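Hi,

Here is the structure I promised to pass on.

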Amino acid sequence: QTDGREELVRLSDAYLGLLEREAVIPPELAGAARESEVEFLARVPYRPAPAAPERKLATALRASLRSLLDVPQIYDLDRYDLTALTSIDGGLQDWATAWFDSLADSSFVRSRGLDVTRILARGDPSRVLYSLLLSERTPQGNAVRAQADNFPGPLNLNESSRIELGSTAKLRTLVTYLETMEDLHRTLASLSADSLAGHPVSAQDPLARWAVETLQRSPGLTLPSFLLEAMERRYSANPRARFVTGGGTQTFTNFDTTYDDQVLTVREGFQQSVNLVWVRVMRDLVSHLIYRSPESVGWQVEDRNSPLRREYMARFADEEGTRFVDRFLAKHRGKPRQEILAGVASGGRTGPLSLAWAFRAILPDATPAELGAFLHGHAPDSDLAVETVVALFERTDPAAHSLSDLGYLSSVHPLELWVAHYLDTHPAATRGEVLAASAEARQEVYRWLFRTRNLAAQDTRIRFMLELDAFSEIHASWQRLGYPFGSLVPSYGTAIGSSGDRPSALAELMGILLCDGVRMPTIRVEELHFAEGTPFQTVLGRRPVEGNRVLSSEVAAVARRMLEEVVEAGTARRVRNAVMDPAGRPLLVGGKTGTGDNRFRVFAPGGRLLESRVVNRTATFAFFVGDRYFGVITAYVPGPEAGDFDFTSALPLEVFREVASFLGGG
């Protein structure tokens with residue numbers, strides 16, 4: 001209404017006066033605002049809801065804007081008079097989204113003569129999820145040109161997932177290996193022949209031993225040559241060995257059994273993605289971190305009298321004890337007393353004596369009648385006359401026994417007895433309160449470990465703790481290169497993917513290598529247009545940036561060369577010469593493939609497989625093209641239905657061949 005508009009104008013003028021008086025805005029801005037003509041709309045403009053893929057992309061872009069402008073909420077962002085120019089290539093984005101949808105149609109794939117049909121010989125093609133992340137190097141940073149997937153929900157597969165991307169983890173392990181060799185060269189290359197001969201090297205550090213021998217044989221070897229020599233070190237691909245790692249004994253297999261009885265160089269192992277080579281490389285990396293100098297804890301704890309041994313055993317007791325407490329807490333928390341007792345008794349203990357010990361350890365103040373009721377419920381076939389129950393009650397007084405003794409006498413893990421007792425008396429306790437209260441109990445349970453007759457057991461557990469420390473260092477180096485998660489699985493299996501990854505993080509690593517070891521910012525918004533069409537229109541663009549060096553150029557150069565060899569003659573050779581420049585010449589392509597057949601397995605003592613449950617299946621190709629483009633393509637089937645598929649990294653490679661048509665013309 002006219003009067004309503006006049007009132008709005010009056011209020012606006014009053015508000016402008018307030019802002020001007022309080023020096024929030026300058027007088028020039030207030031005057032220009034008063035002179036501006038206000039156009040009132042009759043109704044809110046109609047804006048059709050975007051399709052799901054566009055909505056997902058818009059959400060990602062708005063998140064980038066929030067971070068860029070330091071805006072706390074999307075609601076606040078919507079109050080801005082702002083147009084943002086994105087880095088996304090609309091044509092490529094639309095094509096990729098439509099292409100992924102088309103791959104679900106077998107008839108379309110066959111009509112195009114694509115190799116996807118053969119690759120997906122098993123399984124329903126419509127169940128495969130695809131994602132593409134493609135970025136381009138620019139002076140301002142790494143501009144995202146496409147970020148597409150065919151997942152129907154809001155989840156962004158490139159940035160919001162943790163997936164086991166298989167052998168792509170070998171790329172991270174390769175970089176760690178090269179950095180370790182670089183450190184050894186920095187330490188040793190300047191030493192004289194006599195100093196090298198006397199340099200202390202642990203028998204359990206093969207990397208340092210090799211470095212000393214190599215520099216003795218070739219004094220003055222430059223870092224690039226030294227790194228290339230390191231790629232020629234040889235490892236067995238034998239899968240029949242057992243590895244003590246991750247707190248247990250593990251075995252690993254090669255994806256291609258052709259290599260099972262071969263000895264390969266590190267270069268060949270990377271080129272052909274041979275698992276056992278990289279499991280052994282990871283083992284050497286861990287050993288080096290433990291024994292790299294006489295000051296290292298690994299050297300010191302070999303002295304049986306070192307006080308560090310006791311410290312590391314106490315750490316082990318706390319670490320493993322915490323895992324047991326968490327397990328039993330999950331089993332019993334929130335349950336009434338009778339259910340807790342039943343859960344403890346359900347572990348196969350049917351003898352009345354062991355049941356009585358368990359009952360009295362959990363409920364030391366119970367009566368003989370309560371013990372009798374418990375035994376009648378859980379050992380009904382036993383002779384449980386009143387006098388028998390009373391005798392059991394008197395015999396199983398827990399007061400004179402340690403927690404470990406009670407565990408032995410009841411055949412129940414002593415920390416389960418402790419947790420059950422604590423929850424009975426503190427039913428509302430939080431996890432933090434339970435862990436704080438159990439600190440002494442966790443140490444008591446492992447008191448046997450500190451006796452000198454258990455030296456072998458001590459060594460095993462100290463090694464486990466040292467391995468945890470080594471993986472913490474490896475994790476820190478991975479995080480420096482963009483690894484997105486807060487920890488690694490402390491197992492040699494991390495070298496072949498057991499710790500998981502995220503496609504966007506893997507693409508970022510590829511960008512670091514392409515940028516010669518410099519980590520550049522990721523760009524999704526290139527320009528900001530504020531108050532367009534007003535006297536105060538402002539356009540903000542990005543300045544060129546230098547980035548942060550996180551790898552030496554020497555390490556980055558060798559890693560790039562290894563990625564090129566994977567495409568030239570390794571597991572990605574299907575995309576060799578797939579990208580042509582405008583003159584019809586092939587562009588250089590490098591990359592790393594990965595296939596993850598991820599299963600949850602349960603083994604019996606001795607290694608017999610009891611259960612194998614499919615978790616998901618993945619296939620990935622991380623790549624760079626020329627000196628401009630890099631990215632990652634992933635195929636993914638989540639859940640038990642992944643067992644219906646047997647596709648490999650050939651699938652994302654086939655998708656890459658189609659994407660290649662967008663990359664050659666620049």
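Predicted model: local features only at pLDDT ≥ 70, side-chain atom pairs only at ≥ 80, totals over all residues.

Residues are numbered from 1 along each chain as its sequence is written, and side-chain values use heavy atoms, with hydrogens and water left out.

Let me start with a helix pair. Helix H15 (residues 307-332) packs against helix H24 (residues 455-480) at an angle of about 75°, and their axes are 9 Å apart. That makes the two helices, H15 and H24, roughly perpendicular (the word covers angles of 65 to 115 degrees). Helices here are DSSP runs of H or I with at least four residues, and strands are E runs of at least two, numbered from the N terminus. Axes are lines fitted to C-alpha atoms, for helices over the stretch in contact, with angles running from 0 to 180 degrees between N-to-C directions. Among the residues making the contact are Tyr312, Phe316 and Arg323 of H15 and Asp459, Ile462 and Leu466 of H24 (contact means heavy atoms within 4.5 Å).

Now to the charged pairs. A search of the whole structure finds 30 salt bridges, each being a side-chain nitrogen of Lys or Arg within 4 Å of a carboxyl oxygen of Asp or Glu.

- Glu526 and Arg145 meet through their side chains at 3.2 Å, N to O. Glu526 sits in strand E10 (residues 525-530) and Arg145 in strand E3 (residues 141-149), so this pair ties together parts 381 residues apart in sequence. Arg145 is buried at 16% relative accessible area, and Glu526 is partly exposed at 27% (buried is under 20%, exposed over 50%, partly exposed in between, with a 1.4 Å probe and protein chains only).
- Arg431 bridges to Asp326, with the closest N and O atoms 2.8 Å apart. Arg431 belongs to helix H22 (residues 431-437) and Asp326 to H15, 105 residues apart. Arg431 is partly exposed at 40%, as is Asp326 at 24%.
- Arg585 and Asp581 pair at 3.0 Å, N to O. Arg585 counts as exposed, at 53%, whereas Asp581 counts as buried, at 15%.
- Glu232, Arg267, Arg561, Glu564, Glu565 and Glu568 are linked in a network of salt bridges.

Leaving aside residues up to four places away in sequence, Ser504 touches Leu133, Asn158 and Glu159.

Best wishes

How values were computed:
Parallel < 35°, antiparallel > 145°, perpendicular 65-115°, else oblique.
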